[in-house]
Amino acid sequence: MRTIRGRLAGWYAASLALTLAAFGVVVYVAGRRAAYQELDRRIEATAELAAGILRESYRAGNVVVRGDSSGKPQLVPELAATLEAIPDYLVIVHREGRVLFLSAAARALSLPQAEDLAALAAGGASGGGVVRLEVNGPTLHYVVRPVTGAGPQLGAVLAGADTQRTERALQGLGATIVFVILVGVVAAVLVGE
């Protein structure tokens, strides 16, 4: 028959486990919300930065869009080189929907994935969301901003970021929470015995 001390230790361990689990859930949910809010702020700032670079270049009297060898509009190479420094996914489209610029991350996508991303940008409506590019493709948080004040040819800017890095960080947080719960419960049982 178990002793009263053993039963108390069991109840203490169970209540500690429940308390730590509830605390862990609260910490995880708050951390997840903060991580995705930071990701959304970052892509919003990226879209505003790209649109600002285009606007300022146009206001300075520089050509922003010119025709390539076949006459199709494209972003001038100097601006394209400047925008290459922006990480993650960046798509700039013509007012008629033609892609003027793709960042290195966007160019690394498969053709159907890049077309899906360009279609989001070509929609032209200001907004954002989450999109999964094909079944095995990346999941992106993205924002689309119409470009105004940078000439009549520019349509919109899409900035996006893959959620994979954020999810890995959250998995680390979840593993840490589970480890703390296990250590807490094992310590409570050992001290109670």
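Visitor: Where does Val183 lie?
Guide: This is a predicted model. In it, Val183 belongs to helix α5, which covers residues 164-192.

Visitor: What radius of gyration does the protein chain have, and what would a compact globule have?
Guide: The protein chain has 25 Å, whereas a compact globule of 193 residues would have a radius of gyration near 16 Å. Taken along the principal axes, the C-alpha atoms fill a box of roughly 90 × 35 × 25 Å.

Visitor: How many residues of the protein chain count as buried?
Guide: The share is 37% of the 193 residues. Buried here means under 20% relative accessible area. As for the surface, the protein chain exposes about 10,900 Å², and carbon and sulfur atoms supply 62% of that area.

Visitor: Which residues touch the most other members of the largest nonpolar core?
Guide: A nonpolar core is a set of buried nonpolar residues joined through side-chain atoms. The largest one here has 26 residues, and those touching the most other members are Leu54, Leu75, Leu83, Leu90, Ile92, Leu154 and Val157. At least two residues of this core come from each of α1 (4-59), α2 (77-83), β3 (89-94), β4 (99-102) and β7 (154-162). Helix α1 gives the largest share, six residues. Apart from this core lies another, of 15 residues, including Ala121, Leu133, Ala156 and Leu158.

Visitor: What does Leu90 touch, not counting residues up to four places away in sequence?
Guide: Leu90 touches Ala50, Leu83, Phe101, Leu102, Ser103, Ala106, Val157, Leu158 and Ala159. For the chain as a whole, contacts with a separation of 6 or more can be split by sequence distance, and 55% of them join residues 24 or more positions apart.

Visitor: How many salt bridges does a search of the whole structure find?
Guide: Side chains of opposite charge can pair when their charged atoms come close. The search finds eight salt bridges. One of them joins Arg41 and Glu38, with 3.1 Å between the closest N and O atoms.

Visitor: Why are Arg41 and Glu38 separated by about one helical turn?
Guide: Because Arg41 and Glu38 are three residues apart in helix α1. Arg41, with a relative accessible area of 48%, is partly exposed, and Glu38 is partly exposed at 42%.

Visitor: Which side chains meet in a salt bridge at 3.0 Å, N to O?
Guide: Those of Glu56 and Arg59. Both residues lie in helix α1, three residues apart, about one turn of the helix. Glu56 counts as partly exposed at 46% relative accessibility, while Arg59 is exposed, with 56%.

Visitor: With which residue does Arg95 form a salt bridge?
Guide: The partner of Arg95 is Glu96, with the closest N and O atoms 3.6 Å apart. Arg95 counts as exposed at 52% relative accessibility, and Glu96 is exposed with a relative accessible area of 63%. Elsewhere, salt bridges that share partners join Arg42, Asp88 and Arg165 into one network.

Notes:
Residues numbered from 1 in each chain as written. Predicted model: local features only at pLDDT ≥ 70, side-chain atom pairs only at ≥ 80, totals over all residues. Heavy atoms only, no water. Helix = DSSP H or I, 4+ residues; strand = E, 2+ residues; numbered from the N terminus. Core = buried A, V, L, I, M, F, W, Y, C linked by side-chain atoms within 4.5 Å. Buried < 20%, exposed > 50% of the residue type's maximum accessible area, 1.4 Å probe, protein only. Contact = heavy atoms within 4.5 Å. Salt bridge = Lys/Arg side-chain N within 4 Å of Asp/Glu carboxyl O. Rg over C-alpha atoms; globule rule 2.2 N^0.38 Å. Areas by Shrake-Rupley, 256 points an atom, 1.4 Å probe, with all protein chains shown as cover.
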